[in-house]
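My entries follow in the order of the look-ups.

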Amino acid sequence: MGIGNGAVLAAALVLTAGGAFAQADDWAGLYGGLSLGYGEVHNDLSHDDTGTGGGGGPQDVDATGGTGGIVLGYNQVNGNMVYGVEGDLMFGGLGGTVASGGGGGNHSVEVDALVTLRGRAGVRVGEMGLIYGTAGLAGQRATVSHSGAHPDWTQNYVGWTAGVGYERLLSNGARVGIEALYVDFGSESDVHTPGGPSAGPGPHALVNDPSGTIIRLRAVFPF
């Protein structure tokens, strides 16, 4: 083999290896992007008496609506495995109202913000696809309102989330996909003293146990 042919072969090997590393690098490293989707958070409201005042029966309020937000994450690649950590912050118009029993007005819930911090692990499918599972922490900030003399209650909740997703690599290194998450925000309570002629004589605790699902489209770009 001549020097010229050897140089051509060496160059071809370098280009081939470089292409393999570039393909891996398409999934590795820092990335950020946007998400857009739909969520439904089921709020299981109940009143636990802490005094002599009656709190009424349970109320179920579904807060539904669109969500949109930002995504930030980091991936590492090991063969066909892609794993890393990801966080996101979502805002939207999730809300709902139901009529309280016994002429007690309405209960409403408005979700102001949603946040997750999750680990991700997936398997590459072909050259352009990734199927993954994800799990970690989830939080929300929500306001519960009861028409009449009851005060509004704004609370931060912290729980957990788990889900699955699919991403597809585009030619420019960006990735688009779809993701479904189940979220459970734990349970929180607020003790308040209602007023007005229909209120009981003592304070009671309003308890909320929210959980639900989020389905969203996403587009992320490498840094």
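Are Arg118 and Glu179 buried or exposed? I noted first that the model is predicted. I then found that both Arg118 and Glu179 are buried.

**Entry 1: salt bridges.** I looked up the total and found eleven salt bridges in the structure. I began with Arg118, which forms a salt bridge with Glu179, the closest N and O atoms being 3.7 Å apart. Since Arg118 lies in strand 5 (residues 106–125) and Glu179 in strand 8, this pair ties together parts that are 61 residues apart in sequence.

I went on to Arg218, whose side chain meets that of Glu86 in a salt bridge with an N to O distance of 2.7 Å. Arg218 belongs to strand 10 (residues 204–222) and Glu86 to strand 3 (residues 81–92), so the pair ties together parts 132 residues apart in sequence. I recorded both Arg218 and Glu86 as buried.

I next checked Arg216 and Asp88, whose side chains form a salt bridge at 3.1 Å, N to O. This pair also links distant parts of the chain, with Arg216 in strand 10 and Asp88 in strand 3, 128 residues apart. Both Arg216 and Asp88 are buried.

I then asked which residues are linked in a network of salt bridges. I listed Glu86, Asp88, Arg118, Arg120, Glu167, Arg175, Glu179, Arg216 and Arg218.

**Entry 2: aromatic pairs.** I counted two aromatic pairs. Trp153 and Tyr157 form a tilted pair, 6.5 Å centre to centre with 55° between the planes. I found Trp153 buried at a relative accessible area of 4%, and Tyr157 counts as buried at 2%.

The rings of Trp160 and Tyr182 have centres 5.5 Å apart and planes at 50°, so I logged this pair as tilted. Because Trp160 lies in strand 7 (residues 153–169) and Tyr182 in strand 8 (residues 175–184), the pair ties together parts 22 residues apart in sequence. Trp160 is partly exposed, with a relative accessible area of 43%, and Tyr182 counts as partly exposed at 34%.

**Entry 3: surface charge.** I asked which residues form the negative surface patch. I identified Glu40, Asp44, Asp60, Asp62 and Asp209. Strand 1 (29–49) and strand 2 (59–78) each supply at least two residues of this patch. I looked up Asp62 individually: Asp62 lies in strand 2 and is partly exposed, with a relative accessible area of 34%.

Conventions:
Residues are numbered from 1 along each chain as its sequence is written. This is a predicted model: local features need pLDDT of at least 70, side-chain atom pairs count only at pLDDT 80 or more; totals for chains, interfaces and linings use all residues. Side-chain values use heavy atoms; hydrogens and water are left out. Patches are made of residues with over 30% relative accessible area and no salt bridge: like charges are joined within 9 Å, nonpolar side chains (Val, Leu, Ile, Met, Phe, Trp, Tyr) within 5 Å. Accessible areas come from the Shrake-Rupley method with a 1.4 Å probe; for residues, only the protein chains shown count as cover. A salt bridge is a side-chain nitrogen of Lys or Arg within 4 Å of a carboxyl oxygen of Asp or Glu. Lys and Arg count as positive and Asp and Glu as negative; His and the chain ends are not counted. The place of a charge is taken as NZ of Lys, CZ of Arg, CG of Asp or CD of Glu. Helices (H or I, at least four residues) and strands (E, at least two) are DSSP runs, numbered from the N terminus. Buried means under 20% relative accessible area, exposed over 50%, partly exposed in between (1.4 Å probe, protein chains only). Rings of Phe, Tyr and Trp (its six-membered ring) pair if their centres lie within 6.5 Å; planes under 30 degrees apart count as stacked, over 60 as edge-to-face and the rest as tilted.
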